[in-house]
Amino acid sequence: MDKSDSGSSPSYVSPSVASPSSSSSSSSPDASPSSSSSAIASSSATATKDLRLLSYNLYCLPYLVTFFAPAACPLPNERCKAFLPLINDYDIMGIQELWNPRFKVVEKAATDLGFYVVGSQEVSYADFFSLKVFSGGLMIISRYPIVLTKEIRFPRGLDVDAHVTKGILYAKIKVESTFVHVFNTHMQASYGNAEYQLTSPYSEVRKKQLDQMAKFMIEMTKEDEYPIVILGDFNVNARAISQDNTTFVENMESAEYLDMIRTLSGDLFTVVDVLKHFHDGNHPITYEGKGVHVGDKEGIGSQRLDFILEVTRKSPESPLNATDASSSTDSQTVALRPPSAFISAEVMPFRVENQTYTQISDHFGAHAIMRLHNLTGDESSASDSRPKHQKRRACPPSDS
């Protein structure tokens with residue numbers, strides 16, 4: 001069994017985030033994190049509220065993997081422990097690659113702080129018989145009540161992913177007088193020397209998974225006009241790679257990324273890549289491909305795999321969408337549109353000091369601040385009678 005770290009606690013750099021706004025005035029994205037009490041405080045006259053979001057592949061693989069192949073996932077207990085202080089810095093978190101026993105550790109830490117937690121359905125006997133031995137490894141953590149949750153599973157993946165019930169975890173979250181639709185996903189990974197291009201068998205699987213996500217998004221959001229956010233490790237490298245697969249092409253995006261934006265947008269939605277927008281149209285690295293140790297230079301393994309996507313509904317009356325009919329296949333144009341509800345976004349490496357590892361995960365976190373407008377201050381069901389613990393796996397997954 002993995003041994004917990006008995007040494008000193010790691011020091012880490014907290015995200016540069018703004019405190020949630022309790023008035024109509026704007027808050028600076030560069031402000032320091034507020035305390036727990038101020039983070040959830042709000043007056044009845046609230047007009048806007050800032051939500052701190054994080055998408056993070058935590059790289060805490062299942063116990064069977066870490067026990068029999070510890071090199072595949074070094075120091076999971078220690079890194080999980082280092083992650084726990086970050087929970088209270090955020091309002092909504094989408095976590096990927098979090099399996100037991102670390103899942104239960106994070107779940108307990110979050111619920112002890114008063115957060116709501118939902119996660120992937122555990123595998124069943126039927127799953128075992130089909131050689132799907134691991135759950136999807138997804139978790140959504142929310143400071144605000146989760147009023148509806150659902151999980152769908154992707155069809156069987158390739159290679160290692162064939163044994164994992166990967167899919168999409170959904171939560172409808174009540175924030176004062178409004179709601180936010182949150183989707184969290186972890187898609188098919190690429191293995192070996194496969195290129196991150198549309199010709200890859202792995203990217204073909206991801207294409208089908210994106211089609212499934214687009215349909216699921218319509219199903220869960222068709223009855224209202226509340227904001228929609230997608231978090232996750234899509235395993236789609238947005239950064240274009242040269243034909244010899246050795247370097248990145250400057251100012252170029254991968255065909256698979258553009259296809260991803262087009263697929264999720266479809267005829268009903270406009271999808272905006274929040275991290276890209278706040279990095280001047282460039283794609284910041286979210287995965288170095290060097291484990292939990294800091295690399296000294298950028299290499300071909302340095303990729304953009306992790307996303308926070310804002311999804312808005314297209315309106316026939318909107319002048320912005322007047323050109324959609326003639327340019328609906330221009331994914332790059334759609335992707336360059338500014339987000340309507342986000343005020344900042346950045347990549348968080350979550351480096352640590354005084355430890356045998358140098359960062360909490362092999363991925364970086366994707367952090368953004370989402371500003372909700374026109375709130376009426378109705379918090380009766382948002383915080384007054386909040387239970388200490390909301391059980392995860394509130395509904396069975398849907399297989400497709």
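The questions and answers below look at salt bridges in this predicted model.

Reader: How many salt bridges does a search of the whole structure find?
Author: Side chains of opposite charge can pair when their charged atoms come close. In this predicted model, a search of the whole structure gives a count of 17 salt bridges.

Reader: Are Asp161 and Lys166, which meet in a salt bridge, buried or exposed?
Author: The side chains of Asp161 and Lys166 meet with an N to O distance of 2.8 Å. For both Asp161 and Lys166, the class is buried.

Reader: Which of the two residues Asp259 and Arg262, joined by a salt bridge, counts as buried?
Author: Asp259 and Arg262 pair at 2.8 Å, N to O, and, because they lie 3 residues apart in helix H7 (residues 255-265), about one helical turn separates them. Buried means under 20% relative accessible area. Arg262, at 32% relative accessibility, therefore counts as partly exposed. At 11% relative accessibility, the residue that counts as buried is Asp259.

Reader: How many residues apart are Arg304 and Asp273?
Author: Arg304 forms a salt bridge with Asp273, and their closest N and O atoms are 3.0 Å apart. Arg304 lies in the loop between helix H8 (274-277) and strand E13 (306-313), while Asp273 belongs to strand E12 (residues 269-273), and the pair links distant parts of the chain.

Conventions. Residues numbered from 1 in each chain as written. Predicted model: local features only at pLDDT ≥ 70, side-chain atom pairs only at ≥ 80, totals over all residues. Heavy atoms only, no water. Salt bridge = Lys/Arg side-chain N within 4 Å of Asp/Glu carboxyl O. Buried < 20%, exposed > 50% of the residue type's maximum accessible area, 1.4 Å probe, protein only. Helix = DSSP H or I, 4+ residues; strand = E, 2+ residues; numbered from the N terminus.
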